[in-house]
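I wanted notes on one helix pair and on the pockets of this model. The entries below record what I looked up.

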Amino acid sequence: MTLARRLPFFYGWIVVAVAFVTMAISTNARTGFSLLFPPLLDEFGWERGLTAAAWSVGLASAMLYAPLIGAAMDRLGPRLLMPLGALIMAAGFVLATEVETHWQLYLTLGLLVVGPSTLLSYTGHFVFLPNWFARKRGLALGIVFAGVGVGAIVIFPWVQATIDAEGWRRACWALAVLLVVVIVPLNFFFQRAQPSDVGLEPDGDGRGSAAPKPSLRVVDPDWAAVDWTLGKALRTARFWLFGFGAFSALFAWYAVLVHQSRYLIDLGFDAKTAAYALGLVNLLAVAGQPLFGHLSDRIGREWVWTISCLGFAATYALLLLLAWQPSAFLLYAMVAAQGLIGYALVSVFGAIPAEIFQGRHYGAIFGTASIVGNSGAAAGPWVTGLLFDATGSYALPFAMAIGFSLLSIALIWLAAPRKVRAVAG
């Protein structure tokens with residue numbers, strides 16, 4: 001009998017704990033590109049748009065990986081795929097220490113770090129984590145993704161201190177070691193794709209637990225009864241509404257993620273303050289993601305999506321105000337809007353498509369929808385950098401990001417997961 005099968009009905013929370021640690025390390029290792037961005041510009045003298053494109057190249061490759069990840073996760077599970085992703089990312093960081101040209105940067109930090117990080121970060125976890133919970137889906141997802149904030153408050157200052165003391169290359173080596181030593185063994189020994197692998201039902205129902213409680217309420221039985229395949233999902237409006245809603249939200253999210261540190265430095269804040277702000281954003285998400293995830297289990301996914309996108313709109317408005325009046329108050333108001341409210345988006349990001357297209361082929365469906373969503377994540381940093389290079393200002397791209405945030409809200413309300421399955425609250 002495997003270790004997983006010996007453990008009792010709370011194994012779902014063990015899965016959550018492993019995912020929490022994996023997110024804490026892998027996502028912040030990837031996001032560390034924002035801290036590597038200034039020293040890369042200083043050392044090589046490259047244009048911002050061309051340099052930020054390394055991130056965009058990586059996310060563009062993730063668009064190709066996403067449907068393959070979904071299908072592979074349905075077949076192989078996270079126990080094998082998560083360690084594989086960690087090893088590829090580690091190789092990318094090591095090879096990045098030898099870059100001399102743009103294409104080498106795109107290959108290493110882009111294709112080998114940002115691209116495969118899809119396996120370990122949001123997309124990879126969105127594919128299988130919803131299997132483990134129904135009644136507490138929003139709460140569980142919120143807890144897992146709060147790991148990003150816990151990791152950020154430790155990893156970002158550590159990475160920045162390593163860069164300041166020993167250079168950005170040593171920071172890449174340190175991140176590679178962390179990925180291999182922690183993520184590989186944890187996922188291989190403990191992670192599982194679904195509760196039936198250990199004889200359980202969602203929410204820990206089954207062996208040694210109380211009788212199952214009511215789960216999500218089916219509102220549209222005809223829709224819920226469909227055995228959704230990728231082909232069937234692609235022919236629905238809901239698939240594309242979610243996809244382009246995700247595109248718009250991720251455009252706003254990743255544009256500020258990559259350019260925030262450089263923008264704050266340009267306004268006169270020092271590099272340590274910019275790194276601390278980025279870390280604090282993720283720390284606040286530790287509170288916001290479980291809170292809003294739990295709230296979504298009560299009031300519905302669309303409302304939390306709306307609140308989160310308004311958080312990103314406020315983030316950009318405050319960044320624009322900082323250019324007019326730099327102050328600590330506006331800086332930390334921006335941090336709160338982004339981390340506490342905006343980053344809560346992830347607590348419902350996986351729940352919405354899972355409740356619309358729940359079934360045996362959900363991994364392939366979500367993976368393909370991620371192509372559309374990750375297009376926004378790839379376009380955001382690149383377009384923002386290009387518009388800055390063209391205008392010498394972040395005003396236009398930041399205003400554009402506010403528009404994408406509001407568009408995303410409208411699209412998710414039209415996708416209407418509440419009209420397929422409603423939360424118990």
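Entry: I worked on a predicted model. I looked up helix α4 (residues 48-75) against helix α6 (residues 102-114) and found their axes 8 Å apart, at an angle of about 40°. That angle makes α4 oblique to α6. I noted the crossing of α4 and α6 as right-handed. On the α4 side I listed contact residues including L50, W55, L59 and Y65; on the α6 side they include H102, Y106, L111 and V114. I sorted the contact of α4 with α6 by class and got 11 nonpolar, five polar and no charged residues.

**Entry: largest pocket.** I read its volume as about 480 Å³. The largest pocket is lined by 27 residues, and F128, N131, A193, Q194 and G359 are the closest to its centre. I then asked which elements give two or more residues to this lining. They are α4, α8 (122-128) and α19 (362-391). Helix α4 turned up again here, giving the most to the lining with three residues. By class I recorded 13 nonpolar, seven polar and seven charged residues in the lining of the largest pocket.

**Entry: second largest pocket.** I read about 170 Å³ for this one. Its lining has 16 residues, with P38, P39, D42, Q160 and A271 the closest to the centre. I found at least two lining residues from each of α3 (33-44), α9 (137-166), α13 (237-266) and α14 (271-299). Helix α3 gives the most, with six residues. The classes in the lining of the second largest pocket are nine nonpolar, three polar and four charged.

Conventions. Residues numbered from 1 in each chain as written. Predicted model: local features only at pLDDT ≥ 70, side-chain atom pairs only at ≥ 80, totals over all residues. Heavy atoms only, no water. Axes fitted to C-alpha atoms, helices over the stretch in contact; angles between N-to-C directions. Helix = DSSP H or I, 4+ residues; strand = E, 2+ residues; numbered from the N terminus. Parallel < 35°, antiparallel > 145°, perpendicular 65-115°, else oblique. Left-handed = near helix turned anticlockwise from the far one by under 90°. Contact = heavy atoms within 4.5 Å. Nonpolar A, V, L, I, M, F, W, Y, C, P; charged D, E, K, R; others polar. 1 Å grid on protein atoms, 1.4 Å probe; cavity = no way out; pocket = protein on both sides within 12 Å on 5 of 7 lines; lining within 4 Å. Points joined across faces, edges and corners; volume = space filled by probe spheres on them.
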